[in-house]
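Reader: Hi! I'm new to this one, could you walk me through it?
Author: Happy to. Let's bring it up and start with a side chain.

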Amino acid sequence: GRATGRPSGEDKRHWPIEAKESMRWLEGFARCAELAETLPDTRLIYVADRECDIHEFMVRAQREPGIDWLIRATHDRCLAEGDKLWSRLAQAPLLGEVAFTLPARPNRPSRPVVLTVRAERVTLSPKGAESVTVTALRAREASTPDGVEPLDWRLLTNRPATTLAQAAELLKWYGSRWSIEVFFRIFKTGCRVEALQLSTVERLEPALALYLIIAWRIQYLTALGRAATDLPCDVVLDSAEWRAVYIAIHRHPPPALPPSLPAMLGWIARLGGHLGRKCDGPPAPQAL
């Protein structure tokens, strides 16, 4: 027999949610609910991508009015009126347009984006399951440069979105997901926490706490170095840090005044293998 005890070839759609890998989304939300009880003055927001478009998750989240949530939809679900979600969203009330700069990703430069936003309150009503009332949004690019696939986000949330300002805030929530993914990539791949050879929780927890601080600092330096070109480096690096980097790079004593932050980050990244050519762009977290 197999260790899982699961029948070969069985359709996973018929498994109970507890037996599926997607159960982790419900467990994560349960942790969020536990945290909310200890933080009555803090607004908690649960954001997830398309893997979290699970009806059981939305039923569970509906029972926690104190936690806001936003997920990207992937299923064209049945609605209480008998129609489907995609067709309803195509005809939903038009709220306006939202413009922003789409951040660069590997093999994709940053570019300006204008999304047309529609939103409507709908009730998801699958056969044999509890109904859930949510706000459904669709944010879509009407035009893009040649060869570029337009953005088309369909989002579900417990929050209202009857105005453009409300919808823009929700889109900002979803856009922050990329920064969160970068942070955990730094944490796992850059800091290599999964390779720690620590055998007890008592040893592992302090190490993870330290590496969380390091990962945050690397991401913070990356973002600040790209946005604040006129800041001196001592706004985030103490004297011993920036002077040590300067000496390592230039092989002579550092100046009295601290260099600019972008220059210092470029030198730090050079130690990590960043060549600093124009085509390389500003240092990324991996080099730092």
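Reader: Is R88 buried or exposed?
Author: R88 counts as buried, because its relative accessibility is 14% and the cut-off for buried is under 20%. Keep in mind that this is a predicted model.

Reader: Which residue does R88 form a salt bridge with?
Author: The partner of R88 is E81, and their closest N and O atoms are 2.8 Å apart. E81 is exposed, with a relative accessible area of 58%.

Reader: Let's look at R43 then. How far apart are the closest N and O atoms of R43 and D68?
Author: They are 2.9 Å apart, and the two residues form a salt bridge. R43 sits in the loop between α1 (23–38) and β1 (44–48), while D68 belongs to strand β2 (residues 67–72), so this pair ties together parts that are 25 residues apart in sequence.

Reader: What about E169 and R43, how do their side chains meet?
Author: They meet in a salt bridge, at 4.0 Å from N to O. That pair links distant parts of the chain, since E169 is in helix α4 (residues 164–175) and R43 is in the loop between α1 and β1, 126 residues apart. E169 is partly exposed, with a relative accessible area of 35%.

Reader: Why can side chains pair up like that?
Author: Side chains of opposite charge can pair when their charged atoms come close.

Reader: How many salt bridges are there in total?
Author: The count comes to 16. The protein chain has 38 positive and 34 negative side chains, and the centres of these two sets lie 5 Å apart.

Reader: Changing topic: how many helices and strands does the protein chain have?
Author: There are eight helices and six strands. Starting at the N terminus, the order is α-β-α-β-α-β-β-β-β-α-α-α-α-α.

Reader: And what box do the C-alpha atoms fill?
Author: Roughly 75 × 55 × 45 Å, taken along the principal axes.

Reader: Last one: what share of the residues is buried?
Author: Of the 288 residues in the protein chain, 34% count as buried. The chain exposes about 17700 Å², with carbon and sulfur atoms supplying 54% of that area.

Technical notes
Residues are numbered from 1 along each chain as its sequence is written. This is a predicted model: local features need pLDDT of at least 70, side-chain atom pairs count only at pLDDT 80 or more; totals for chains, interfaces and linings use all residues. Side-chain values use heavy atoms; hydrogens and water are left out. Helices (H or I, at least four residues) and strands (E, at least two) are DSSP runs, numbered from the N terminus. Buried means under 20% relative accessible area, exposed over 50%, partly exposed in between (1.4 Å probe, protein chains only). Accessible areas come from the Shrake-Rupley method with a 1.4 Å probe; for residues, only the protein chains shown count as cover. Lys and Arg count as positive and Asp and Glu as negative; His and the chain ends are not counted. The place of a charge is taken as NZ of Lys, CZ of Arg, CG of Asp or CD of Glu.
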